[in-house]
Amino acid sequence: MIYLDNAATTFPKPESVYQAVEYANRNLSFNAGRGSYKLAREATKLIDETKGKLLSLVDAPGSAKVVFTPSITIAINEILNGLSLVPGDNIYVSPYEHNAVARTVHLLCKKKNVQVIEIPLDRETLEIDVERLKYLFSKKIPACVCCTHVSNVTGYILPVEQIFRLAKQYSAVTVLDTAQSMGVVEVNAKKIGADFIAFAGHKTLYGPMGIGGFIDVNGIKLNGFIVGGTGSDSLNLEMPEKSPEKHESSSQNIVAIAGLRAALDEVHVKEFYEDEKRLTEYLIQELQKIDDVTLYLPPENVRVGMVSLNVEGYKAEDIGLILDEDYDIAVRTGYHCAPFVHKWLKDEDYAGTVRVSVGRFVRTEDIDSVVRAIGEIVGEI
Ligand code: PLP
């Protein structure tokens, strides 16, 4: 199988991740923070070390804290639902958001009567229109701005630093979704201007599934959202006031955390970015040679990791099925859990796009194979 669905989850993982998961499953699967015995303490140490590695990866300030959750979706829910929003507040999101954000703000809209506003795009390039955003902010003051760093549909790298800088002129809370960036695109907590940086262990960080979370950069107080046992102050029906405990009820997934720790030891952001960029540009260059293929491309300097395309005369899903059945090539098709962007891409006739996403273990030959397969499907090879 040629795996080109790395934006869904990266595969394979580095060998050390599999080994760490196996080791932790057999030797370290104890409940951290809930027992006074040696192995429970060791589990706690593993968690603390992993958090330390995440903080250094993003060059976080000394006071920043990591909260672990079972996934980035839960992390984003915890952040957005934890904000002290009042009816009439404006939450800005980019049109590139995944449903982890889109459905969460939609629900908030219904629960808290806040207004969700989409950040405007330039009609030609589909880049964020910073000038119009400036104007919009001045008319409808932002309370919260939540953005993905890299689009999981087109690989567009959003100008989040610029967006958050503008948002901070209004003291808005800023939230960054790094599911498709952390580990491949630089995320610097001191520069990027996000109050909360949500991350997914199993995507660009190359850890296992079952672990995500967020970095609380500036200590903005969040109300508790998911409540339960924390292993501390058990007679108290209130959650602990302090972060991360306040947001970490339930037993921690120590096995996934062990895998994430191993994954973090293998991260070399600059090198991975260059590799992914080279593969992405090669893929684009080769696909551009085939007539009947439409590519949904952000400008060259702001794209990485994946390409969305369609083939004249086929629904996106059909191409995915043919690639799977006839060529054993795995890609993702459809709307990619990103509800807003398709009205900009105008891909409804195809029922979404075919997304080819590269990764650390993809070779140039794999790109050649998928391009050749698409060429054969359209009858040009
Ligand atoms: N955010 C983005 C940008 C994503 O691409 C995804 C998954 O594709 C998510 C959030 C949600 O990730 P998970 O399903 O691991 O919670």
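Predicted model: local features only at pLDDT ≥ 70, side-chain atom pairs only at ≥ 80, totals over all residues.
Helices are DSSP runs of H or I with at least four residues, strands are runs of E with at least two, and both are numbered from the N terminus. By that scheme Ala351 sits in the loop between helix H11 and strand S13 (353–357).

Ala351 is not a glycine, yet its phi is positive, at about 55°. Its relative accessibility is 30%, so Ala351 counts as partly exposed. A second residue with a positive phi is Cys337, where the angle is near 60° and the residue is again other than glycine. Cys337 belongs to the loop between strand S12 (332–334) and helix H11 (342–345). With 34% relative accessibility, Cys337 is likewise classed as partly exposed.

Most residues other than glycine have a negative phi, and most peptide bonds are trans. Two bonds in the model depart from the second pattern. The peptide bond from Phe11 to Pro12 is cis, with omega near -5°, and Pro12 lies in the loop that runs between strand S1 (2–3) and helix H1 (15–27). The bond from Ser243 to Pro244 is also cis, its omega being near 10°. Pro244 is placed in the loop between strand S8 (212–216) and H8.

Helix H8 covers residues 254–265 and contains Ile257. Because its relative accessibility is 0%, Ile257 counts as buried. Leaving aside residues up to four places away in sequence, Ile257 touches Leu46, Ile47, Thr50, Phe68, Ile211 and Gln252. Ile257 and Glu49 are 208 residues apart in sequence, while their C-alpha atoms are 9.9 Å apart in space.

Asn81 is another buried residue, with 11% relative accessibility, which is under the 20% limit. It is part of helix H3 (residues 72–82). Its contacts, not counting residues up to four places away in sequence, are Thr104, Leu108, Lys111, Lys112 and Phe225. With Lys111 there is a polar contact between the two side chains, at 3.3 Å.

Around it are Ser71, Ile72, Thr73, His98, Ala100, Thr148, Asn152, Asp177, Ala179, Gln180, His202 and Lys203. This shell consists of three nonpolar, seven polar and two charged residues. An N or O atom in the side chain of Thr73 is 2.5 Å from an oxygen atom of the ligand. For His202, a polar side-chain atom lies 2.7 Å from a ligand oxygen, and for His98 the distance from a side-chain N or O atom to a ligand oxygen is 3.4 Å. On its own the ligand has 390 Å² of accessible area, and the protein covers 86% of it.

Conventions
Residues numbered from 1 in each chain as written. Heavy atoms only, no water. Near = heavy atom within 4 Å. Polar contact = N/O pair within 3.5 Å; in protein donor to acceptor, adjacent residues only side chain to side chain. Areas by Shrake-Rupley, 256 points an atom, 1.4 Å probe, with all protein chains shown as cover. Nonpolar A, V, L, I, M, F, W, Y, C, P; charged D, E, K, R; others polar. Buried < 20%, exposed > 50% of the residue type's maximum accessible area, 1.4 Å probe, protein only. Contact = heavy atoms within 4.5 Å.
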